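Good morning, everyone. Please look at the model on the screen while I talk.

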Amino acid sequence: MSPEELKNKVANLLAPGQTGDAAPVPADAAPSPLPWEEGAQWPALMIDPTQWLTVARQLRSTPSLAFDFLFCLTCIDWKTHFTMVYHLRSTTHHHTLVIKAKLDRADPVIASVTPIWHTAEFHEREVYDLFGVQFEGHPDLRRLFLTDEWIGYPLRKDYEDPVNMIKL
Amino acid sequence: MFEEIGTTESGDLVINVGPQHPSTHGVLHLIITLNGETIKNVEPHLGYIHRSIEKMCESLTYRQFIYVTSRMDYLSSHINNHGCAMCVEQGLQIEVPPRAKVIRVLMDELTRLASHQLWWGALAMDVGALTPFFHAFREREMINEIMEETCGARLTMNYMVPGGVMIDLHPSFQQKVKEFITHFRSKIDEYDELVTGNVIFQNRMKGVGYISREDAISYGCTGPTARGSGIRCDIRKLFPYEVYDQVQFEEITETGGDCFARYLVRMQEMRQSLSIIEQLIDNIPEGDFQAKTKAVLKLPKGEFYSIIETARGEFGVYIVSEGGTTPYRIKFRSPGFSNLSALNHMARGHKIGDLVAIMGTLDLVIPDIDR
């Protein structure tokens, strides 16, 4: 499937309002084009974080898309907000899709996708440990690498640790 | 977390395995709930060798950060370096000279062989056979010597750089590799005679640590672990890089899904690696071993992701660049981390002695998991 076909398929799947568009879409209006990232390596789509669980279920269960393999899950601290990045691939169709969601830096919350992709359990714990993102519905959200008493989230850009960090 | 250790109200026994247990081959700490000898739950505690490599890389330049990645999966350091170099090349659109491409593939396959040899010896040792370990290390030593001559290191090579490889091959490289191939071709049959057909070994492997195809995909398993469950996930075939689309080799899959299937996949992969090396060793093109690059590399603003097949599975490098000389954010998708998450699923219901066999066939490298 070419990237354009994939984009069309995803666009047909997603109802208006599930993407990162801030403006509400009137019911009778033609669906606005999805906010695809330009010049990206793989089709990359920004979605509304509150819709993530619904979107994830659809991407996983639609046979023509069948994104059954979550191969990378991470977070980026942009100082003003967080961006969650999910890299998905289909083991039957071998196409790749990137889903992104903007989170509020003061209160980063997004739904856990552990029930859909089991691999997310460890990856989400890692992101919680190093960024402090809360995953709603995660079965066992605890620190993974650092000790339970650790204060702060090391991969945030404003993290300071005079003992363990050496500034170059 | 240590107050959990002991006997629970229902009579289950909670014990520690590691962080200094010999079968974990590193500092992996498992807390295991046992009912008699049957495993009810396995919970990995990570972080004993966490160095926050991703944070370190944010203050290192695009030439410097590759050196740190040798310290993640130290048995696949060439392939880690290769993945990082490919990601930088993708960002800067550097065309790698043909000679460097072939050298890279040769080094990758030698690394894969050395890694699988060590895995084979260590797995046999874990399940109680000490001799194979010495056989495996004898053959691995030959590869280490080849590496040492060309790269100057035996473990943390740092040989792949953006644009190609750091220095040209040692004059005796071709001859030594050919000697190794002839030697190892006969030895790998000996490996099979010694271990693969052994009834005791097969009893320890067959039917143990089963994972279905669907579960393996869901847990994000890659590499030989996933191919043992019948998933065609070899990056060398799916998204060929360098010269993998020009060499003949088979992607090995087994459908058993148990420890023995994963064992067979790795044994067959060694033969495939030998065949790849054989095809390339006499066909190394002449020319530059490194493309001309600027002294200071600056990636354009954007995001770059490169995927490569290490000895353990899919290794991903995700660079987010803001246009400077250092990455804004870097993420390493390590194969061991996802493979480990399936351990609890595989081990539940088996006897405690089988846990060692299951961990052995997952081929875990702890610095790769902790990063």
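Let's begin with one residue: is Arg371(B) buried or exposed? Arg371(B) has a relative accessibility of 3%, so it counts as buried. Buried means under 20% relative accessible area, exposed means over 50%, and partly exposed is in between, with a 1.4 Å probe and protein chains only.

Some ground rules before we go on. This is a predicted model, where local features need pLDDT of at least 70, side-chain atom pairs count only at pLDDT 80 or more, and totals for chains, interfaces and linings use all residues. Residues are numbered from 1 along each chain as its sequence is written, chains are lettered from A and ligands numbered from 1 in the order in which they are written, and side-chain values use heavy atoms, with hydrogens and water left out.

Back to Arg371(B). It sits in the segment after helix H15 (366-370) of chain B. Helices here are DSSP runs of H or I with at least four residues, strands are runs of E with at least two, and both are numbered from the N terminus. Arg371(B) is not a glycine, yet its phi is positive, about 55°. Why point that out? Most residues other than glycine have a negative phi.

Gln93(B) also has a positive phi of about 55° without being a glycine. Its place is the loop between H3 and H4 of chain B. Gln93(B) is exposed, because its relative accessibility is 72%.

Now Ile94(B). This residue lies in the loop between helix H3 (77-92) and H4 of chain B. Ile94(B) has a relative accessible area of 18%, so it is buried. What does Ile94(B) touch, not counting residues up to four places away in sequence? The list is Glu89(B), Gly163(B), Ala291(B) and Thr293(B). Contact means heavy atoms within 4.5 Å. Look at Ala291(B): it is 197 residues from Ile94(B) in sequence, but 7.5 Å away in space, C-alpha to C-alpha.

On to helix H4 of chain B, residues 98-126. H4(B) has 29 residues and spans 42 Å from first C-alpha to last, close to the 42 Å expected at 1.5 Å a residue. That expected span is 1.5 Å times one less than the number of residues. H4(B) is mostly covered, with 26 of its 29 residues buried. Just after H4(B) comes Gly128(B), with a positive phi of about 110°.

Helix H11 of chain B covers residues 259-281. Its 23 residues reach 33 Å, close to the expected 33 Å. In H11(B), 18 of the 23 residues are buried.

Switch to chain A. It has three helices and six strands. Along the sequence, the pattern is α-β-α-β-β-β-β-α-β. Chain A has 168 residues, and 50% of them are buried. Take its contacts between residues at least 6 apart in sequence: 53% join residues at least 24 apart.

Find Val113(A), in the loop between strand S5 (109-111) and H3 of chain A. Its relative accessible area is 0%, so Val113(A) is buried. Val113(A) and Leu53(A) are 60 residues apart in sequence and 6.6 Å apart in space, C-alpha to C-alpha. Beyond four places in sequence, Val113(A) touches several residues, including Trp52(A), Leu70(A), Tyr86(A) and Glu124(A).

Next, helix H3 of chain A, residues 120-131. H3(A) has twelve residues and reaches 15 Å, close to the 16 Å expected. Eleven of the twelve are buried, so H3(A) is largely enclosed by the rest of the structure. Gly132(A) follows H3(A), and its phi is positive, near 80°.

Asp129(A) is in this helix. Its relative accessibility is 0%, so Asp129(A) is buried. A polar atom of its side chain lies 3.0 Å from the backbone nitrogen of Leu146(A). Leaving aside neighbours within four places in sequence, Asp129(A) contacts residues including Arg143(A), Phe145(A), Tyr153(A) and Pro154(A).

Last stop: which residues lie nearest the centre of the largest pocket? They are Asn164(A), Met165(A), Ile166(A), Lys55(B) and Met56(B), among 23 lining residues. A pocket is an open set of points on a 1 Å grid over the protein atoms alone, where a 1.4 Å probe fits, with protein on both sides within 12 Å along at least five of seven lines; lining residues have an atom within 4 Å of a point. Thank you.

Note on methods
Polar contact = N/O pair within 3.5 Å; in protein donor to acceptor, adjacent residues only side chain to side chain.
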